Amino acid sequence: MWKKFHIILTKTYNSYILFLGDKMKKYKYNIVNLDCANCAREIEEALNKNEYLNNVVVNFNTLTLSYESEKEFSLKELNALVKKIEPDTSITSNEIAVKKEFHLSILILGIIIGALALYLNIPQNLKIILYIISYSLLLYKTSTNAIKLLIKSKIINENALITISCLGALIIGNVMEGIMVITLYTIGKILEEKALNNSRKSIKNLLDISEAYANKKEGNNIIKIDVNDVKVNDILVVKKGEKIPVDGIIVEGSTILDTSSLTGESKPAPKNINDTVLSGCINLENVIQIKATSVFKDSTVSKIIELLESATDKKTKIETVVSKISKIYTPIVLILAVLIVATLPILFKVSINDSIYRGLTFLVISCPCAIAISVPLSYFTGIGTSSKNGILIKGSNYLDNLSNTKNIIFDKTGTLTNGSYEVTNIELIDKTYTKEEIMDILLKGESLSSHPIASSIVKNKKINNIDVTNFKEIKGQGISFKLNDKIVLIGNKTLCNCHEEAVLHLNINGTHVASITISDTIKENAHDTIKSLKKLGITTYMFTGDNKDTALTIGNKLGIDNIKYEMLPTDKYKNYELVSQNNGITIFVGDGINDAPVLKRADIGISMGGVGSDEAIEASDIVLMEDDLKRIIDAIKISNYTKHIIKENLIFASLTKIVILLLSVFGLANMWFAVFADTGVTLLTILNTLRIMNSKTYLNK
């Protein structure tokens with residue numbers, strides 16, 4: 001299964017990141033000094049207007065820039081494009097981005113100079129000079145960014161709002177108010193960046209399934225090397241407690257591996273010589289030696305991390321709406337601020353200075369960072385949490401839609417059932433035989449058959465069929481053979497000349513002696529999963545190519561609402577269209593090649609990672625790493641909780657801003673409130689988002 005799992009993941013990964021055409025290629029770089037979600041959106045929108053760039057995505061969660069192009073841009077050319085939009089931001093190919101540096105000494109010096117000017121008994125002209133020096137130090141970076149952006153890209157962002165507010169406060173004589181705003185804004189930005197980096201680090205730790213080094217064996221020596229330097233066929237030593245660095249095959253030793261980082265399965269897996277092992281699994285017991293079968297960038301763990309980081313590139317409806325509103329948000333805020341300044345003196349007899357102060361406060365409150373950051377960060381955290389629970393979600397839009405599910409359609413064989421058949425009943429027609437004798441004859445004959453049902457019946461059983469002769473497969477009917485002096489027929493009722501209803505019949509020397517019921521075994525957790533789906537108000541369907549009796553038996557045992565049987569792949573596709581006409585999202589869950597078209601068409605296609613075909617997994621939107629149907633319920637719960645957190649953040653941020661905006665208009669809120677409504681609210685929404693990572697609080701309910 002492990003080798004197949006790696007092949008499946010490779011196909012999924014390649015279909016996600018490789019060429020879209022003969023010439024179009026996907027590129028990905030890291031972004032340095034990007035500290036604003038709105039700035040990320042502005043870069044993305046501006047670059048998408050470039051005729052040589054397609055599908056540009058600036059992912060603020062992972063600080064990455066990805067795009068598709070026929071033209072190969074140099075880093076210098078990319079940086080020239082980006083710096084036109086965000087002067088301080090740069091693009092790098094380095095894996096570790098340099099942290100943005102802010103010199104606190106400049107901030108402290110600016111505050112001291114401003115305080116001296118305010119409180120020292122010095123001439124007014126000197127006070128004004130010191131104020132200008134103080135503001136120049138404090139506002140230099142913010143105002144420079146605002147001016148560059150306005151000149152080069154005709155864009156007004158939060159830097160401009162803060163600059164206007166502070167300079168306005170200076171002009172109307174509220175000197176310390178202006179100093180306080182830029183000081184608290186800067187400190188807030190530092191804390192905000194720290195909180196964001198901590199949240200990214202927390203999520204990275206959640207997904208930290210790769211090993212940074214490998215123990216390479218050279219002769220009798222073992223040397224520690226960077227995991228990126230591992231080559232195919234290198235012999236690597238993996239000690240107790242270490243992660244498998246790259247995919248490989250055990251060449252010496254045996255141990256038990258913790259596979260939970262890949263599959264979400266807590267049960268350890270024993271591994272012996274010649275077994276395939278995947279990167280990211282933890283060695284729990286003995287020292288083993290493995291021969292590397294891949295380099296790190298092609299390993300399972302590397303591809304999972306890449307898929308997860310790219311998953312939030314696919315925007316949800318909420319993110320799209322926030323993005324569209326953000327485009328017109330800042331200009332509207334500026335217009336409203338001007339209206340406040342212009343109308344308050346006329347309507348409410350407020351002084352000019354007071355109305356300007358209220359308008360400036362309004363600008364500070366209106367910075368949209370809290371909403372712009374918290375929404376994509378929530379989806380990113382939700383996808384990371386899903387992965388930790390063995391659910392690989394290929395896009396935040398799919399995570400979002402899970403909570404809107406109204407219908408779920410299951411394939412039967414390999415999805416609801418194990419695809420392995422067993423004898424569940426033997427009805428004796430000729431009482432001179434015992435059930436044990438009938439079973440023995442059945443196993444002897446079926447052990448020579450190539451039919452899938454026969455393979456399932458005899459699997460893991462020791463059978464002596466030396467006395468079986470003249471064995472023949474009778475296409476579409478069954479088998480015949482000679483057992484000592486008996487002529488035996490095993491197959492359908494036509495072959496065995498009987499009328500009883502059963503999957504198999506046994507005929508000896510022309511006499512029908514027994515009817516045998518064979519059933520596919522139902523998967524563990526299948527019944528509980530269906531029950532849980534019904535509690536969530538989701539209608540369940542089963543689509544199968546099996547005959548009516550088999551389908552109804554399995555479907556009724558599980559409590560499926562609607563059962564469709566004797567279906568061709570085209571029938572599944574057509575019937576999916578009929579079901580999906582109902583309101584809400586329709587999920588299709590399958591594992592076979594014949595399920596691939598429906599998985600691709602479905603609102604959300606879910607495939608089974610362990611037994612699923614390569615085609616099914618490549619066509620699906622969500623992959624269950626282990627064949628555990630309970631993971632579907634977990635995925636829906638994670639989706640619900642993620643949207644719950646997003647709703648909390650949006651309501652809290654919006655209400656806080658609206659209340660303080662109204663208070664500022666009526667002169668009841670000063671700039672202290674304004675700074676809290678901006679950076680304070682942003683910090684609180686980031687911290688609230690991290691609750692998604694504590695999956696125990698909602699998955700076990």
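Modeller: Two rings of Phe, Tyr or Trp count as a pair if their centres lie within 6.5 Å, and planes under 30 degrees apart make the pair stacked, whereas planes over 60 degrees apart make it edge-to-face. By that criterion the structure, which is a predicted model, holds four aromatic pairs. One of them joins Tyr67 and Phe73, whose ring centres are 6.3 Å apart and whose planes stand at 85 degrees, an edge-to-face arrangement. Tyr67 has a relative accessibility of 1% and therefore counts as buried, and Phe73, with a relative accessible area of 7%, is buried too. These two residues also belong to a cluster, in which ring pairs link Tyr27, Tyr29, Tyr67 and Phe73.

Another pair brings together Tyr641 and Tyr698, and here the centres are 4.1 Å apart with the planes at 20 degrees, so the pair is stacked. Because Tyr641 lies in helix α22 (residues 630-665) and Tyr698 in helix α24 (residues 696-699), this pair ties together parts that are 57 residues apart in sequence. Tyr641 is buried, since its relative accessible area of 14% falls under the 20% limit, and Tyr698, at 5%, is buried as well.

As for confidence, the protein averages a pLDDT of 83, and 87% of the residues score at least 70. Over residues 15-22, however, the pLDDT is below 50, although this stretch has 13 contacts in the model beyond near neighbours in sequence. The pLDDT is also below 50 over residues 96-101, a stretch with ten contacts beyond near neighbours in sequence.

Sorted by class, the lining of the second largest pocket comprises eleven nonpolar, 13 polar and nine charged residues.

How values were computed: Residues numbered from 1 in each chain as written. Predicted model: local features only at pLDDT ≥ 70, side-chain atom pairs only at ≥ 80, totals over all residues. Heavy atoms only, no water. pLDDT = per-residue confidence, 0-100. Contact = heavy atoms within 4.5 Å. Nonpolar A, V, L, I, M, F, W, Y, C, P; charged D, E, K, R; others polar. Phe/Tyr/Trp six-rings, centres within 6.5 Å; stacked < 30°, edge-to-face > 60°. Buried < 20%, exposed > 50% of the residue type's maximum accessible area, 1.4 Å probe, protein only. Helix = DSSP H or I, 4+ residues; strand = E, 2+ residues; numbered from the N terminus.
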